[in-house]
Structure formats: structure tokens, C-alpha cells
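Hi,

Here is the structure we talked about handing over. Please open it first; my notes follow below.

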Amino acid sequence: EAIEKINTSILPGDFSAKITKLTEQIASMRALMPPTPTFIKGLSALLGADKKHTALILLQNDSESRPTGGFIGSVLFAEVQNSRMSLTFQDVYDIDRGFEGNVEPPEEIKNLTDKWFFRDSNYSPDFPTSARKAIWFYEQEKHIKVDTVIAINQSLLQKLLEITGPISVEGLAKPLDKNNYQTIISYIVESKLTVPYQPKKVLKDFIEVFQKQFYSVKKPAKIANVFLKEISAANILGYSDIAEVENLFKFIGMDGAMIATSQNEDYLNVIATSINGNKTDSFIDQEISHTTYVYSNSELINEVSISRHHNYSRADEAKIKSILADFGYTDVPEWIMEIFGKARNKAIFRVYVPKGSEFIAADGKIKNIKTLYDKDTDKTYFSFIMNVHPGQTITANLRYKLPFKLDYANPAAYRLITQRQPGLIISKFTKKIIADGSLEILYSYPSNAEKISLAAYNLFAALIKS
């Protein structure tokens with residue numbers, strides 16, 4: 001609006017040319033942005049246009065799974081004002097060390113801890129619920145008001161390092177790249193090779209160098225493409241107490257909320273939380289099969305089969321030791337190799353289903369199955385623990401009755417909504433519908449079933465194209 005008022009004819013030639021070029025750039029930006037105040041207002045608030053905006057960026061290690069992706073190992077505290085951002089790196093254990101409260105953990109994470117801290121705040125697969133708890137803990141422990149929480153899974157770094165290239169960190173024998181960064185940083189942190197009370201100093205140093213290299217990338221369209229894919233894969237999630245920013249996250253498709261279903265809709269979300277304290281999830285292959293049996297009396301019975309294979313091998317062990325040896329780390333203790341993947345994978349599962357579903361039976365090598373209710377998501381879930389050793393495959397089979405029936409007065413529609421836990425483990429999913437002999441199935445699968453915010457896709461696609 002200000003530029004439109006300028007009379008360029010009275011300006012010297014070089015100034016006039018600059019104003020003309022800037023006007024063209026603004027017109028181009030306007031064409032890229034969605035024609036909605038939701039986007040503009042949200043972006044302005046996120047960038048601190050009117051007042052300072054504070055945010056927590058949760059760096060989640062998704063080789064140790066949690067409901068929103070991975071374990072919160074570190075945090076970046078961000079302050080943004082007038083589009084200028086400052087970042088402060090914080091170790092999650094430093095944050096928790098000063099907490100004097102005694103908060104009883106919810107049922108979902110009692111297998112992890114008997115005392116609840118900030119590091120376990122991402123307990124719910126509904127990201128707004130987890131983010132609000134993270135804000136509460138941070139304000140209790142650090143006494144700082146936080147507006148926004150953004151969770152980023154650490155596996156994103158591998159894709160970004162493909163763009164930035166290797167990162168040289170002081171004190172390391174070689175640069176960190178997409179093939180070795182996870183192994184080297186994890187080894188230094190777990191073995192406490194640096195200052196004993198600052199085991200994550202190497203991660204802090206890495207992030208500082210990475211930032212400089214990241215901002216100097218000459219083709220930002222490549223970065224935009226990576227972020228588009230990671231948002232679609234739910235590896236970047238966002239929540240804000242500021243309404244305009246939260247609406248922006250919803251608009252882009254990164255709010256990470258669990259979907260509310262209607263009374264006659266089926267639902268499935270399989271959530272695994274690693275409880276062994278190691279990084280074995282990067283070696284887990286998972287398959288989920290969901291079968292619905294449709295009966296002539298209108299009842300619906302579901303069976304869910306969850307199969308996990310631990311594919312850690314001697315070849316993986318040799319590769320890890322080779323990477324460490326390249327950096328001069330040759331005397332690797334056995335307990336470190338167990339953290340890297342040699343140990344069993346132990347996880348507590350929550351299989352979310354429609355509220356009121358009735359557990360019938362289970363088989364496979366699982367015991368002590370609990371039927372619980374999650375008030376935050378208004379859904380029933382079945383809880384149990386699975387242990388998988390290297391080279392082993394374990395399958396859990398659950399059978400339960402849905403709380404609704406089909407109405408055969410007219411052709412009945414069965415609808416299923418599924419959501420996937422963010423993180424490294426991407427399951428092969430199979431859906432089956434089996435009806436008794438008196439029923440006919442007219443099968444339909446919508447072509448837009450995997451649509452995640454078309455507006456966000458169009459926006460990023462336009463940015464990349466430009």
C-alpha cells in the first residue's frame with residue numbers, strides 16, 4: 001500500500017528501478033499466497049509483526065518413538081519479532097532438572113515414569129493436547145510464557161543435509177553428513193565424551209553451524225520441497241495458543257490433531273511408545289492389517305493384526321562401527337551397541353478405535369491387554385506391550401466389536417478413518433472387508449483419500465515453481 005503511493009517519476013533513475021523491481025516482486029508474492037486472511041494473519045503473527053512471538057521447537061528423536069514422532073531430546077527456544085528470530089539451544093534434561101513439582105503421569109505413560117516431566121509431555125497422539133502440556137511444563141520449569149510449539153522429527157535432518165552438504169563441527173575428525181550424523185551425534189551424547197554435564201554440546205555446536213549453512217543455500221526451492229513432503233508425512237507439527245497461528249497450522253495441514261469421527265464411522269490409529277530407552281525403532285519394519293467382518297444381523301466385528309520385525313543384523317553392527325572408526329572412536333562398549341539397535345525393541349501400544357468398542361479376544365505373543373478410554377480424544381484404546389528381539393518377528397492380533405451397526409434399510413455405507421503415527425516407522429497397511437453370504441459389497445475407495453491440505457500443497461508448489 002505504501003509503495004503504490006510513490007511517484008517514481010520524481011526519483012533518480014536507480015531508485016526508480018529499485019521501486020519498480022520491488023513492486024513486481026510484491027505482485028509475484030501476492031499471486032503465490034492463498035487469497036485468504038487466514039494465511040496472511042497467521043503468517044504475520046508467526047513472524048511477530050505486531051508483538052514478540054515465543055515458540056518451542058521440539059527436536060524429536062524418532063528412532064525412539066513417541067506418540068507425536070519421537071523422544072524430546074532437545075529444544076530450541078525461539079523469539080521472533082518483526083521477522084527477526086533468535087534461537088537458544090536447550091537440553092531437555094537441563095529443563096527438567098530444575099522442576100520441583102510432583103506430577104502424576106497419565107495412564108498412557110506410567111510404564112515410562114512414575115513422575116511426569118517436560119521430556120514426556122508429548123504423551124498424546126493428539127498434537128494440540130501434547131503441545132498444551134509442553135507449554136504448561138515449560139512455563140512451570142522455566143517460568144517463560146510460550147505462544148507456540150513446533151515439533152520436528154530428527155529424521156528430517158538427513159533430507160536437509162542432502163541439500164546443505166557436510167557440516168564441519170569443531171572437535172570432530174570429519175564433517176557430519178546425511179550418512180553419519182545420527183551415529184556420531186548419538187554416540188557422543190550417549191557415551192558423554194564431551195563435558196559430562198553437557199553431553200549434548202556437540203548437538204548444540206552442530207545446530208549453530210548448520211543454521212549458517214542452511215541459510216546460505218542458493219536454491220531454497222529444494223528446501224521448500226523437503227518441508228512440503230515432511231509436513232504431508234506429519235514429521236513437522238505445530239500448535240499455537242494464538243488463534244491466528246493455530247488457524248494457519250490447520251490451513252497448512254500441520255496441526256496434528258486426531259480426527260473426530262461421527263457416531264457410525266470406524267477409526268484406527270496404532271501408536272507405539274518405546275520404553276526401553278534405546279534407538280531400535282530405526283530397525284523395525286511394521287505391517288498392520290485391518291479386517292472388518294460384516295454380518296447380516298448388522299453387527300460389525302474388527303480384527304487388527306500388528307506385525308513387527310526387528311531387522312538389526314551383523315552387517316548393521318559392522319556399518320555402525322565403521323562409521324565410528326572413521327571419527328577415531330574404536331573402543332565401542334557393548335552397551336552403546338545395544339542403544340544403537342542390538343537390544344530388543346520394547347514398546348507399549350495404544351490401538352485407538354471408536355469410543356465404546358468392546359474387546360473380544362487376542363492371540364499372538366501379547367498378554368495383559370487393557371481396554372481404556374482417552375478423554376482427550378474421546379476414543380477407546382487397547383493397550384499392551386510388545387517385545388521384539390533382533391531377527392525376530394512378533395505379531396499381535398486383536399478382535400473387537402464396533403459400537404454401531406449398519407442399517408440395511410438402504411444400501412449401507414461403511415466408512416473407516418485411519419491416521420498414522422508420525423516418525424520413522426511407516427507401516428504397510430492392508431484393509432479387508434468380509435461379508436457373510438447374504439450381503440453384497442459395492443466397494444468404493446475415494447481418489448482423494450490421502451489428501452492432506454490441498455491449499456498447502458498448491459502454495460508450496462507455486463513457491464517451488466517460482
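Tyr373 stands opposite Thr380 in strand E12. Likewise, the bridge partner of Leu372 in E12 is Tyr381. Strand E11 and strand E12 (residues 379-388) pair in the antiparallel sense over five bridges. Here strands pair if DSSP finds at least two bridges between them. Helices (H or I, at least four residues) and strands (E, at least two) are DSSP runs, numbered from the N terminus. E11 and E12 form a hairpin with four residues between them, and Asp378 in the turn has a positive phi of about 55°.

This is a predicted model: local features need pLDDT of at least 70, side-chain atom pairs count only at pLDDT 80 or more, and totals for chains, interfaces and linings use all residues. Residues are numbered from 1 along each chain as its sequence is written, and side-chain values use heavy atoms, with hydrogens and water left out.

**Thr273.** This residue is found in strand E6 (residues 266-274). At 1% relative accessibility, Thr273 counts as buried (under 20% relative accessible area; exposed is over 50%, partly exposed in between; 1.4 Å probe, protein chains only). Leaving aside neighbours within four places in sequence, its contacts include Ser65, Leu112 and Arg350 (heavy atoms within 4.5 Å).

**Helix H8.** The buried residues of H8 are Ile223, Ala224, Val226, Leu228, Glu230 and Ile231. Just after H8, Ala234 takes a positive phi of about 65°.

**Aromatics.** The structure holds 18 aromatic pairs. Rings of Phe, Tyr and Trp (its six-membered ring) pair if their centres lie within 6.5 Å; planes under 30 degrees apart count as stacked, over 60 as edge-to-face and the rest as tilted. Phe99 and Phe117 have ring centres 6.1 Å apart and planes at 75°, so this pair is edge-to-face. Phe99 is buried, at 10% relative accessible area. Phe117 counts as buried too, at 12% relative accessibility. Phe99, Trp116, Phe117, Tyr123, Trp136 and Phe137 form one aromatic cluster.

Best wishes
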